[in-house]
Amino acid sequence: MKLYSYSVLRNSKYFKITIQLVILFTTTCDNLFALIEGDFGKIDGTATLSGEYDSRVFGISSDSFQGAKTSSSPLISSNELKSEDDFIIRFSPALHFTKKLKWFSFTGTAGIEFAQFIKNDDKSYTQPITTFSIDFDDTLSKKKRVSNNAKIRFDATFDIGQSVGASILEQDLVSYTYFVAGLNLRYNYSPKFGVGASTSYNLKHYQTGSTQTRVYQDIATLPLSLRAFYIYSEKLDFYTDYTFSRTKDDQANSLTLTDSQSHAISFGAQGDYSSKLSGNANVGYSVQNYDNSSVSKQDNLVTGVGLDWKYNSKTSFNFNLNRAFSPSAQGFSTFSTMVRLSATHRLTEDVSSTAYFSVGKVEYTYPPSGQTARDSSSLNNYGVGINLNKQISDRISAGTGYDYTFVDRASESYGRHLLRADITGRF
């Protein structure tokens, strides 16, 4: 199984030459300026070289990996499963475009990522990096939650690329091509009231899985959100939000749980709560209806919290909580609760560190197998990590980090170690 259909890094000789060129490039970044800057906009460039050791590159236990490696299933390319751990080298050059007009700001990125798996060479890949966005009333929208000078504000985002990585939800090393097109609109009816609407089209085209016998289906999701704001102050909104979302896979008459629709209503506040606390917090209720008539609808409390607390000029804290339904490309449904607490501290003028702790629970619901109902299962995961970043110069930065994740399932438990280092040049 090839995670991506084309790869230019399979020949290690060429990859060694690429690394040498990157090292030469990053050592000269300090003497370079913006590539192009004029009336039509500004184009900058970046290049990142990173190395990573992953003790469980497929995201599964040793027993599960050995079972997949010896499997005779035609859905698993067992000859490509050479090692459960691996060293991965990545190189990501990209160009960044910015253009600001009176009311509009245009930004975009175009690049490519090369990845070489040292042990599991067949998993090496090349993937594009592309984004484009349009923002109306950019200056105000970046600094404030409300713009009294511009009653209408909107932004649009387009993104197409490839994602490759181990998935806790799927319990597999997965790869998919994605396309995202989103639009967000807001109208301030008065200095105290506003309304908004947003929608996006999300398409994921999956390649064959690495270790699972379940077939991956392509997933398309189309959400539509309507929101009403009470403008408490120039920097703080209270709001209520209703979201309808439709998800479909690419199989006709599918009996999976991917084909579904959901309704969710929530209440929240976003902006600056005080001089030190800011973010977005909401709580609501969601109902998930499946096209598969053999499975009853599900409902639960949903939450989205992202808060930043600035303790002082050197130290800040971040808290995230997310509870939500999510479909799987393997045909089942999940409800996840994820919590993460992190702290960032500036050690010196050019060195900063971040440490985090996370905990999560994933509840799985499977479609019936024939006439037999399948029991739901769950997965608990706990994570800790630390990162160090150094600004070597105005145009060169470097970082390193370590993450440990412990996965606890009903049938097994295991840990995963991830060690990485990177250097980025800007010009």
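This is a predicted model: local features need pLDDT of at least 70, side-chain atom pairs count only at pLDDT 80 or more; totals for chains, interfaces and linings use all residues.
In the protein chain we have here, 58% of the contacts with a separation of 6 or more are between residues 24 or more positions apart, where contact means heavy atoms within 4.5 Å. Residues are numbered from 1 along each chain as its sequence is written, and side-chain values use heavy atoms, with hydrogens and water left out.

Of its 427 residues, 42% count as buried, which is to say under 20% relative accessible area, with exposed meaning over 50% and partly exposed lying in between, for a 1.4 Å probe and protein chains only.

Let me turn to the interior. A nonpolar core is a set of buried Ala, Val, Leu, Ile, Met, Phe, Trp, Tyr and Cys residues joined through side-chain atoms within 4.5 Å. The largest one holds 13 residues, and those touching the most other members are V57, F58, F65, L81, F117 and Y125. Looking beyond the neighbours within four places in sequence, V57 is in contact with residues including S83, I88, F117 and L173.

Now for two single residues. Where does G194 sit? G194 belongs to strand β8, residues 193-206, and counts as buried because its relative accessibility is 4%. G194 and F229 are 35 residues apart in sequence, yet their C-alpha atoms are 4.9 Å apart in space. Q171, in the loop between β6 (152-167) and β7 (172-188), has a positive phi, near 55 degrees, although this residue is other than glycine. Buried or exposed, which is Q171? At 5% relative accessibility, Q171 counts as buried.

Finally, a pocket. The lining of the second largest pocket has 22 residues, and I168, Y356, S358, N381 and T405 lie nearest its centre. On a 1 Å grid over the protein atoms alone, a pocket is an open set of points where a 1.4 Å probe fits, with protein on both sides within 12 Å along at least five of seven lines, and lining residues have an atom within 4 Å of a point.

Notes:
Helices (H or I, at least four residues) and strands (E, at least two) are DSSP runs, numbered from the N terminus.
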